[in-house]
Amino acid sequence: MSILRTLKDRFRPVLAELVGEADVEKVLDLIRPAQDARFGDYQANMAMPLGKQLGRPPREVAAHIAQRLQLDDLCEAPTIAGPGFINLRLRGAVLAERLQAAAGDARLAVPPAPQPRTYVVDYSAPNVAKPMHVGHIRSTVIGDALCRVLRHLGHRVESDNHLGDWGTQFGMILYGYKHFLDAAAYAENPVAELSRLYRHVRGLMEEREEVGKFVLEETAKLHAGDPENRRLWREFMPVCLAEIDRMYDRLGVRFDHTLGESFYQDRLAGLVDELVRRGLARRSDGAVAVFLEGHKTPMLVQKQDGAFLYATTDLATIRYRMDTFHPDAILYVVDHRQSLHFDQLFAVARKLGYRDVELTHVRFGTVLGEDGRPFRTREGDIVGLESLLDEAVRRAGEVVAANDEAKPGGPELSADRRRGVAETVGIGALKYADLAQNRTSDYVFSFDKMLAMNGNTGAYMQYAYARVRSIFRKGNVDRAALAPSGAAIRLETPEERALGLQLLRLGEALDLVLADYRPNQLTAYLFELAGRFTAFYEKHPVLKAQPDALRQSRLLLCDLTARTIRQGLALLGIDVVEQM
RNA sequence: GUCCCCGUAGCUCAAUUGGAUAGAGCGUCGGCCUCCGGAGCCGAAGGUUACAGGUUCGAAUCCUGUCGGGGAUACCA
């Protein structure tokens, strides 16, 4: 049980008397970590709104609540401040006892969600016919982190990569394959040749209008079951998928399901029929459209020429997921530019009868270059994902080498180790930079910033971890024997106390992540933890601490810090290294 | 035209969803190393939260309007 949940349990009966059982949970949400350490550890802010509601002075309400609370075993006497804030300061013994429990717990005392739910998480979803690029990073990384956090809290998660494997982009490479194939290049490296064909055809479409028509014809033939196009599709898919999987391997991302658009293609006609039959959709200008209240334009589910659209596929996908997984929530980790599409999609899903499921568009902003424009190469091309990863790792290699050279006792890492560390640091930096940002804002991409050893970066967090671990190496301390030794944790200084309290708050941070699907709540927590550790470490000797009981206590705090950082980063999909 | 998102320190971003004196990093200025990893620590300067109203005990956050930026907007995904 987290501290916050324990406090809520204590407030619940008192508040229930005041507002009734029905409203009590909402009021309990006003118990928060203190905004400022001077006010204590937690604060309860409900006296002000309740004062209004009950027609009594808020400070009087606060006093009433404080008086009736049974908190003596947990907190020092509550104080009332300002207009009616109830400030709470936990007893040191309570913190120590809980840290002790966390030290002996593989989950670091993070409680599972009280009500586990089933989530379908839809993320990454690259177009199979095009190389993955910088635009796929955010969806992939944010979606993966959300899955990890959900699972860790005991939710059931079905992650699904909804590949774009059936759309116009396939018509483009089919058309390109038939007219512009370099057979030798295709034999040598099919994916590179297909992506060249894709770019070539895209260029042609801009120059000559009729090319677009040919491309649509190839797409239509594929959809209609033309044997040649189907054969080519089956030929292209495995090599494209292998290429994509290589990226996921490197990123450490896995999916439970990879059900692309093609998986749903034979379900579309029936779905459109049903929409029409139930009076939800009707013909309009030759297309089939669902008109929605509050939307000026309808959602089209079938074109004049009979072809289906991604809205149709997405609806069929919702139906399949509901029938197969029976989820409580479906999350779509997708670019904010598709907001309108999802508004309409969700509205139509409700009309189809899917009312009890949470449908959330977890939207995120665009990746920008340092000039504030969408991130491109100097030549104006979209940056490929692989070259992005390579460059991050290359630069991380420079950072790692410089750091190793500068060590007081001389370099510690072999060339081989350095390479491994660079990969971990480079990929970690890329992910962390993305996750640390509030996902709704556009994100300015900068290698220099994301690999900085100062500030809220992946490299800084990995460094913080390696530093803590080095204490154990240097002191020749077996951390595995530490927790079971039963050594008591002592929180006698402000720095020890502040660190200890933060260590107990990982669970709160994870709850915040899920409250609005924002992984930056976890990075913020980790950065704060690293800061508190540094303050502690700066001021207090650990290996040289006397007497031995104090040394043991501080070693436990160090070990908990390392484990918490490692766990937190793992939930973001980021690895740590023991030395860097 | 209509709808959506955004506007916070010189720069890049936070702010637990309406809480107390709006916080970090970078940059600037000033301090601190015979001591466990100094890519560190301590301190200072820097804000009318775009602007104007409103709502209330309390507003960066909610409402209205204005200005500025981005996105979407009937047969791509």
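This is a predicted model: local features need pLDDT of at least 70, side-chain atom pairs count only at pLDDT 80 or more; totals for chains, interfaces and linings use all residues.
Okay, ground rules. Local features here need pLDDT of at least 70, side-chain atom pairs count only at pLDDT 80 or more, and totals for chains, interfaces and linings use all residues. Residues are numbered from 1 along each chain as its sequence is written, chains are lettered from A and ligands numbered from 1 in the order in which they are written, and side-chain values use heavy atoms, with hydrogens and water left out.

So, the chain itself. Chain A has 22 helices and 13 strands; those are DSSP runs numbered from the N terminus, helices being H or I with at least four residues and strands E with at least two. Its C-alpha atoms fill a box of roughly 80 × 70 × 40 Å along the principal axes. Of the 580 residues, 52% are buried, meaning under 20% relative accessible area with a 1.4 Å probe, protein chains only.

Now the RNA. How many residues surround RNA strand B? We get 66, and the closest are Arg32, Lys52, Glu261, Lys303 and Asn454. Near, by the way, means a heavy atom within 4 Å. By class, that surface has 28 nonpolar, 20 polar and 18 charged residues. Nonpolar here is Ala, Val, Leu, Ile, Met, Phe, Trp, Tyr, Cys and Pro; charged is Asp, Glu, Lys and Arg; the others, Gly among them, are polar.

Which helix gives the most to this surface? That's α18, with 6 residues. Other elements supplying at least two residues include β1 (31-33) and α15 (385-405).

A few polar contacts, that is, N or O pairs within 3.5 Å: a polar side-chain atom of Thr168 sits 3.0 Å from a sugar or linking oxygen. Gln437 also has a side-chain N or O atom 3.2 Å from a sugar or linking oxygen. With Asp285, a polar backbone atom is 3.1 Å from a base nitrogen.

Last stop: the second largest pocket, at about 1600 Å³. Of its 46 lining residues, the closest to the centre are Leu4, Pro33, Glu508, Ala509 and Leu512. The helix giving the most to this lining is α20, with 6 residues. By class, the lining divides into 21 nonpolar, 7 polar and 18 charged.

Terms used
A polar contact is a pair of N or O atoms within 3.5 Å; within protein, one must be able to donate a hydrogen and the other to accept it, and residues adjacent in sequence count only if both atoms are side-chain atoms. On a 1 Å grid over the protein atoms alone, a cavity is a set of points where a 1.4 Å probe fits but cannot get out, and a pocket is an open set with protein on both sides within 12 Å along at least five of seven lines; lining residues have an atom within 4 Å of a point. Grid points are joined across faces, edges and corners, and a volume is the space filled by probe spheres set on the points. Buried means under 20% relative accessible area, exposed over 50%, partly exposed in between (1.4 Å probe, protein chains only).
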